[in-house]
Amino acid sequence: MGKGLYIRTFGCQMNEYDSGKMLALLKKTHDLEPVSAPEAARVLLMNTCSVREKAQEKLFSELGRWRPLKEADPTLVIGVGGCVASQEGALIRERAPFVDIVFGPQTLHRLPAMISEVTRGVGPVVDVSFPEIEKFDALPPADTRGPSAFVSIMEGCSKYCSFCVVPYTRGEEFSRPFDDVISEIHDLAERGAKEIVLLGQNVNAYRGPTHDGRVVDLAALIRFVAAVDGVERIRFTTSHPLEFSDRLVETYAEVPELVSHLHLPVQSGSDRILALMKRGYMAAEYKSIVRKLRRVRPDIDLSSDFIVGFPGETQADFEQTLALIEDVGFDHSFSFIYSARPGTPAAALPDELALAEKKHRLAILQRRITELGEARSAAMVGGIERVLVTERSRKNAAELAGRTANNRVVNFAAPEQLIGQFADVRITAALPNSLRGERLAASPP
Ligand code: SAM
Ligand code: F3S
């Protein structure tokens with residue numbers, strides 16, 4: 001079959017990761033090559049997200065753009081995957097009959113077989129089941145040559161926060177076997193990866209079975225990853241406050257490869273709202289985790305997720321969120337207005353607050369966190385940061401760009417050979433979205 005594969009991805013890092021896996025898989029099985037425009041493709045896939053957006057509308061308007069292509073050439077294969085596909089299943093084909101394949105986040109590994117069926121004329125295929133571990137077994141290793149690599153260690157979520165669709169669209173939590181995770185990381189390190197990002201919806205729920213019947217938790221996994229030759233930096237995302245064990249806190253004391261930066265979603269600072277959200281912790285418990293972390297890593301930076309305007313959120317509730325932000329001093333956030341998701345318990349709660357007020361609260365929250373982040377960046381000026389150099393600078397091709405441990409982009413002048421290596425860089429200026437620096441002469445080549 002023709003060679004072009006076009007994938008349109010919406011949503012989170014999990015979806016980005018899944019799209020990367022689809023590319024690697026279809027390259028292997030169907031010799032498909034990524035193209036940057038749908039017009040150049042033989043196979044068009046959409047990897048959808050329904051966490052917040054008016055996802056259905058977005059999906060069908062995108063599909064509307066693909067329809068003329070399919071009409072002009074009926075041999076094109078069009079597939080819809082991801083969380084919207086998981087929720088809507090066969091309904092997608094009722095509204096858009098020209099879609100050939102509907103697959104869920106847990107069946108993307110079956111794509112090659114589905115594409116073959118469609119091209120053989122067997123007809124459209126819908127498979128949004130949750131065959132769990134099969135997905136990990138069937139996917140090829142990541143096709144990464146960069147210095148920073150994502151490794152999926154668990155899938156799904158069993159927390160059932162009252163506002164969230166993920167447990168319904170991605171299924172319950174299940175962990176990838178420890179031996180598979182560690183062997184993938186060995187391979188990545190051999191191919192030059194220096195930073196490993198352990199990925200999952202709640203990575204601290206990780207309980208990876210080993211070949212000899214033991215179970216490895218995230219704290220132990222991190223120690224094993226740190227012992228892999230070549231791995232110098234470890235991150236994980238996302239974790240949940242509920243399972244942030246003392247063992248994991250201790251890991252920060254004992255494993256220097258684990259970065260001094262943690263993304264730990266809190267959602268709200270009001271205990272009443274946290275209970276309505278079914279988060280399973282109170283603000284004081286969240287703060288206690290942060291205190292313990294700072295005891296062992298005084299320089300740790302924290303970022304978080306917030307939902308503003310959850311049904312019934314009063315001004316007092318919102319002020320408690322602002323107070324938590326002052327207490328913790330987050331340096332970055334992913335913050336959004338609550339969006340009622342069909343089929344979730346919170347969608348049935350009365351939601352009377354005016355949208356204008358929700359927007360106002362969101363703007364106040366974001367402004368404050370931006371100020372805190374800028375203050376943190378300003379405090380970094382004059383200091384020396386270890387930067388993992390990832391690419392040429394976007395604005396100036398004569399410069400390189402990399403990331404600090406606390407995930408800030410630094411642009412600085414250096415020879416191209418440094419891409420993929422660590423460099424020690426003195427920070428000279430803090431801009432709104434990046435830092436500038438100069439490489440220390442003593443840095444290794
Ligand atoms: N595992 C993470 C945690 O511990 O909370 C969250 C994963 S969730 C897919 C990513 C973020 O999307 C959440 O932290 C939340 O802030 C946001 N989110 C999820 N459902 C939402 C909704 N209905 N409205 C607004 N934001 C939502
Ligand atoms: Fe969603 Fe809560 Fe899980 S936000 S992904 S149900 S931890």
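User: How far is an oxygen atom of ligand 1 from an N or O atom in the side chain of Gln267?
Analyst: The distance is 2.7 Å. This is a predicted model: local features need pLDDT of at least 70, side-chain atom pairs count only at pLDDT 80 or more, and totals for chains, interfaces and linings use all residues. Side-chain values use heavy atoms, without hydrogens and water, residues are numbered from 1 along each chain as its sequence is written, and chains are lettered from A and ligands numbered from 1 in the order in which they are written.

User: And what is the distance for Asp305?
Analyst: An N or O atom in the Asp305 side chain is 2.5 Å from an oxygen atom of ligand 1. For Arg52, a polar side-chain atom lies 3.2 Å from a ligand 1 oxygen.

User: How many residues surround ligand 1?
Analyst: 18 do. Each has a heavy atom within 4 Å of the ligand. Gln201 and Arg279 are among the closest.

User: Switching to ligand 2. How does its shell divide?
Analyst: Into 7 nonpolar, 3 polar and 2 charged residues. Cys157, Phe163 and His240 are among them. Ala, Val, Leu, Ile, Met, Phe, Trp, Tyr, Cys and Pro count as nonpolar, Asp, Glu, Lys and Arg as charged, and the others, Gly among them, as polar.

User: New topic. Where is Arg297?
Analyst: In the loop between α12 (283-296) and β15 (301-308). Helices (H or I, at least four residues) and strands (E, at least two) are DSSP runs, numbered from the N terminus.

User: Which residues is Arg297 in contact with?
Analyst: Leaving aside neighbours within four places in sequence, they include Tyr252, Leu258 and Ser260. Contact means heavy atoms within 4.5 Å.

Key:
A polar contact is a pair of N or O atoms within 3.5 Å; within protein, one must be able to donate a hydrogen and the other to accept it, and residues adjacent in sequence count only if both atoms are side-chain atoms.
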